[in-house]
Structure formats: C-alpha cells, structure tokens
Amino acid sequence: MKQIARCIFLLLGAAFLCGCATPGYMSDRMNDAADIVTLSCSVGAGAKARVGPVHAGVIATAGYMGLRGGEWSGSGEESVEFEALVLPTEEGFAFEQFEPADLACRRGKGFTASSAVPFLTTSLAAPETQPLPRLERAHPDYGYFTQLEVSIGAVWVGRLGFNPGELLDFVLGWTTLDI
C-alpha cells in the first residue's frame, strides 16, 4: 500500500514540475479532449463520409447543434455544407464552412473548405469572419486533415466524427507539447 501511495505522490509531483500547475493548463487539456469527438446534428438532407480531405456523398445542411470544433453549441447558425457527386455549383463539387462560436473561433477551429474536383478538398482557409487567434494570424483548422466523419439523415442530419490528430494533441499535451 505504501508503494502505491509513493507512486501516486511521485506522479503528482512530476505533473506539477512539468508545467501542469501553470494557469490555463487544465482548461487547455479539456479543450483538447473536446476536439477529439464530433457529435452534432444539422437541418438538411443527404449522406457524406470524410476521411481527412477525401470525401464522398450528396448532402446539403445548414447550422448545427451539438459538439463540434471543441465546443457545445445550440445556436444552429454557424455551419453550411453541400456536396454533389456529379454536377458542381458555383463553389465547386463540395463546399463546407464552419464558423464556431467565439471561444472555438479564437482557438482557430473554423474553416472554409471547397473542392474544385470530386472527392478531394482542394482549398482550405480560415473563415473571413474569424477574429485573429493568439498567434495574430488567421489560419484554418488543420485538424480538418485528420478528421474521420460520417453524416446522414433527412430533415435532421446527424454527424459523428473522430479525430486521431486531435487525440495525439491531447496525449502530447500532458507532456506540455502542444501541436
């Protein structure tokens, strides 16, 4: 029993010595954890699967409610998406714009993605309305490239996603490395 107590004491001491006691450390870990999973719904119809920048489906959605971009939202007005397999529109074969609420936007989680060719994102940018993040430059959410996601539904479209890149960021964050 003494060995277990000693191990716990050493682990806690190591955690505080490696930067875990710094202000904002635990909130950063919680943000990283929330970035791993997407579980939301939108108004629209269709089906789509996406593995990073590769995607396929026919879908049109607007707004979202649920967990996406690392935060819960119920406003339903921050997302627009459409995808066509054969006939492109003005924006191309696919277009997705995600502008999360203030907190996630400051963290650089928003993006505008479009496809000039079928099945592949050819343009990724930060949304125009995104305020400058901490690094004083607007950039897209590069976690987009490691997202695994499926969306399906009629009237209400459910979206379920998992991001291995954000999982790696979460795990490395405990060592004070933040990618």
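How many of the 179 residues in the chain are buried, as a percentage? Buried residues make up 40% of them. Keep in mind that this is a predicted model. Here are my notes, going from the overall layout to the details.

1. **Overall layout.** The chain has 4 helices and 8 strands. Going along the sequence, they come in the pattern α-α-β-β-β-β-β-α-β-β-β-α. If you take the contacts with a separation of 6 or more, 52% of them are between residues 24 or more positions apart.

2. **The nonpolar core.** The largest one has 5 residues, namely Tyr64, Phe98, Phe111, Ala113 and Tyr144. As general background, nonpolar side chains in soluble globular proteins tend to be buried together.

3. **The Phe98 and Phe111 rings.** The structure as a whole has 6 aromatic pairs. In one of them, phenylalanine 98 and phenylalanine 111, the ring centres are 5.9 Å apart and the planes are at 45°, so the pair is tilted. It links distant parts of the chain: phenylalanine 98 belongs to strand S5 (residues 94-98) and phenylalanine 111 to strand S6 (residues 111-115), 13 residues apart. Both partners are out of the solvent by the numbers: phenylalanine 98 is buried at a relative accessible area of 2%, and phenylalanine 111 is buried at 4%.

4. **The Tyr144 and Phe145 rings.** Here the centres of the tyrosine 144 and phenylalanine 145 rings are 5.8 Å apart with the planes at 90°, so this pair is edge-to-face. Tyrosine 144 counts as buried, with 3% relative accessibility, whereas phenylalanine 145 counts as partly exposed, at 39%.

5. **What surrounds Tyr144?** Setting aside neighbours within four places in sequence, tyrosine 144 is in contact with Arg50, Gly52, Pro53, His55, Glu96, Phe111, Ala113, Thr121 and Leu124. Two of the names on that list, Phe111 and Ala113, are also members of the nonpolar core. Arg50 deserves a point of its own.

6. **Arginine 50, a buried charge.** This residue lies in strand S1 (residues 37-51), and arginine 50 is buried, with a relative accessible area of 3%. Its charged end sits over the ring of tyrosine 144, 4.0 Å from the ring centre. There is a polar contact with that residue too: a polar atom of the arginine 50 side chain lies 2.9 Å from the backbone oxygen of tyrosine 144. Not counting residues up to four places away in sequence, arginine 50 touches His55, Glu96, Tyr144, Gln147, Leu148 and Glu149. So which residue sits over the face of phenylalanine 98? That one is arginine 68, at 4.4 Å from the ring centre.

7. **Helices H4 and H2.** In H4 (residues 164-173), the buried residues are Glu166, Asp169 and Gly173. Looking down the axis of H4, they fall within an arc of 50°, so they line one face of the helix. What they pack against is helix H2 (25-35). The N-terminal end of H4 is capped by asparagine 163, with a side-chain oxygen 3.0 Å from the backbone nitrogen of glycine 165. Over in H2, the buried residues are Tyr25, Arg29, Asn31, Asp32 and Asp35. These cover an arc of only 160° around the axis, which puts them on the same side of H2.

8. **Two backbone angles to look at.** Most residues other than glycine have a negative phi. Phenylalanine 119, though not a glycine, has a positive phi of about 70°. It lies in the loop between S6 and strand S7 (123-125), and phenylalanine 119 is partly exposed, with a relative accessible area of 42%. Valine 155 also has a positive phi of about 70° without being a glycine. Valine 155 lies in a strand, S8 (residues 148-162), and counts as exposed at 58% relative accessibility.

Technical notes. Residues are numbered from 1 along each chain as its sequence is written. This is a predicted model: local features need pLDDT of at least 70, side-chain atom pairs count only at pLDDT 80 or more; totals for chains, interfaces and linings use all residues. Side-chain values use heavy atoms; hydrogens and water are left out. Buried means under 20% relative accessible area, exposed over 50%, partly exposed in between (1.4 Å probe, protein chains only). Helices (H or I, at least four residues) and strands (E, at least two) are DSSP runs, numbered from the N terminus. The arc is that of the directions from the helix axis to the C-beta atoms. Contact means heavy atoms within 4.5 Å. A polar contact is a pair of N or O atoms within 3.5 Å; within protein, one must be able to donate a hydrogen and the other to accept it, and residues adjacent in sequence count only if both atoms are side-chain atoms. A nonpolar core is a set of buried Ala, Val, Leu, Ile, Met, Phe, Trp, Tyr and Cys residues joined through side-chain atoms within 4.5 Å. Rings of Phe, Tyr and Trp (its six-membered ring) pair if their centres lie within 6.5 Å; planes under 30 degrees apart count as stacked, over 60 as edge-to-face and the rest as tilted. A charge sits over a ring if NZ of Lys or CZ of Arg is within 6 Å of the ring centre and within 35 degrees of the ring normal.
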